[in-house]
Amino acid sequence: MDPLDRDDDIPEIREGVRALCARFPGPYWRELDRERRYPEDFVRALTEAGYLACLIPEDYGGSGLPIAAAAAILEEIHGSGGNGAACHAQMYIMGTILRHGSEAQKRRWLPDIAAGRLRLQAFGVTEPTSGTDTLGLATTAVRSGGSYKVNGQKVWTSRAEHSDLMLLLARTTPKDKVKKKSEGLSVFVVDLRAALGKGLTIRPIRAMLNHATTEVFFDDLEVPAENLIGEEGRGFRYILDGMNAERILIAGECIGDARWFVEKARTYASERVVFGRPIGQNQGVQFPIARAYAQSEAAALMVRRAAALFDGGRPCGKEANMAKLLAAEASWAAAEACLQTHGGYGFAEEYDVERKFRETRLYQVAPISTNLILAYLAEHVLGLPRSY
Ligand SMILES: Cc1cc2nc3c(=O)[nH]c(=O)nc-3n(C[C@H](O)[C@H](O)[C@H](O)COP(=O)(O)OP(=O)(O)OC[C@H]3O[C@@H](n4cnc5c(N)ncnc54)[C@H](O)[C@@H]3O)c2cc1C
């Protein structure tokens, strides 16, 4: 039984991804997790199959699929027990170049990204001193002749060691010289290969999950002015534009996780016998699984709605945020039910439950924390006073 089988119109894509993921089963992810290694073979296979270029338009060598398809790809990866976080950013970061870059920039980067010759999967926004308060970031980029000099630090820049390019948000006009804090920030494409050792240092952060995340330091790093995306000073708007896509895709991953946990719990509860009967016969074991299933189904509907609005070019901020919130809560509820159902064995590495449990916990915090989504809904949807 597949309790969250989708009745959408992209079954071939789902089947293709499932078949690919079957080549990368639990032991593959377990070993990488243990050694905190990057899933190089998996990412290569996904790239070669074209899945990571699904949102790049055909004119630039991608397959120009809707975001609903991209979310389904990530959902299937997570539903198979894997993790798309190693490469999901490759799908949506390029959206900033696509929407706001010049034609020359699109021709320069997008076909190579689509073909898998270039990886753009590092996104440098978060900083140690500003955290959630993105507008308070302190990294500066100062124009000097034909380039910008970048100084500062990013933290939690995931995949920087496995990416050729990074999308960087930095302040180009000091805060006290702009009317609104959201002005004066700019977006750059940084060629990490050229920059390493020439003003750019990357330090890995060992984290609770295998996420290839890092700290990045800029010390008079020169970035050519031609790598500025769009207009100087409008970068925050460009980044915001991409956030709905990011939320919908991450919500897809959460639905996949929820689906994996529910199925894993259901199977174990049916097979594990104590007191002479399957533990799943006890309502105390059944109900959390059934509740998580219901939550996942409801959240999946919201993900589909947000994706449909996005694909129709309609406003979807409210739905994308709710999709991320509800899907992350569903995956966490399912994780908790699954771990509890497994009793002590949930803690054993070989069941993959503890790994997925750690992995799905992230979505309460990143890429946007639950509180900040609630604050968005309260202020921008319900019209309550701004709280921060
Ligand atoms: C594994 C991992 C990978 C990541 N990858 C990336 C990446 O690739 N690129 C990138 O730029 N960032 C990345 N991040 C950063 C992530 O987006 C931030 O951690 C997140 O936005 C929160 O910032 P912070 O950790 O500084 O928390 P803080 O801003 O210090 O917040 C701490 C807590 O306080 C709460 N809080 C803060 N302000 C308010 C408020 N006004 N109202 C209510 N609650 C509030 C938050 O919700 C949070 O729970 C990653 C993080 C992790 C852990």
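Predicted model: local features only at pLDDT ≥ 70, side-chain atom pairs only at ≥ 80, totals over all residues.
User: What makes domain 2 and domain 3 count as being in contact?

Analyst: The test is whether C-beta atoms of two residues lie within 7 Å. Nine residues from domain 2 and eight residues from domain 3 take part in the contact. On the side of domain 2 that touches domain 3, the classes are six nonpolar, two polar and one charged.

User: Why is the ligand said to lie between domain 2 and domain 3?

Analyst: Both domain 2 and domain 3 give residues to the shell around the ligand, so the ligand lies between them.

User: Which residues of that shell are closest to the ligand?

Analyst: Of the 22 residues that surround the ligand, the closest are Val125, Gly131, Thr132, Trp156 and Ser369. The elements that give two or more residues to this shell are β1, β3 (147–158) and α13 (370–381). By class, the shell holds twelve nonpolar, ten polar and no charged residues.

User: Nice. Why is Phe42 called buried?

Analyst: The cut-off for buried is 20 or more other C-beta atoms within 10 Å. Phe42 has 22 within that distance, so Phe42 is buried. Phe42 sits in helix α3 (residues 40–48).

User: What does Phe42 touch, leaving out residues up to four places away in sequence?

Analyst: Phe42 touches Phe24, Gly82 and Ala86 on that count. As for Arg386, Phe42 is 344 residues away from it in sequence and 43 Å away in space, C-alpha to C-alpha.

User: How do you know that strand β4 is mostly covered?

Analyst: Seven of the seven residues of β4 (residues 165–171) are buried. On one side these are Leu165, Leu167, Leu169 and Arg171, and on the other Met166, Leu168 and Ala170, with both faces covered.

User: What makes β4 a partner of strand β1 and of strand β5?

Analyst: Pairing needs at least two bridges between the strands. β4 and β1 (residues 120–124) have four bridges, in the parallel sense, and Gly124 stands opposite Leu168 in β4. With β5 (residues 185–191), β4 has seven bridges in the antiparallel sense, where Leu167 stands opposite Val189 in β5. Both pairings therefore meet the cut-off.

Terms used:
Residues numbered from 1 in each chain as written. Buried ≥ 20, exposed ≤ 12 C-beta atoms within 10 Å, placed from the backbone. Near = placed C-beta within 6 Å. Nonpolar A, V, L, I, M, F, W, Y, C, P; charged D, E, K, R; others polar. Domains from an automatic or database assignment.
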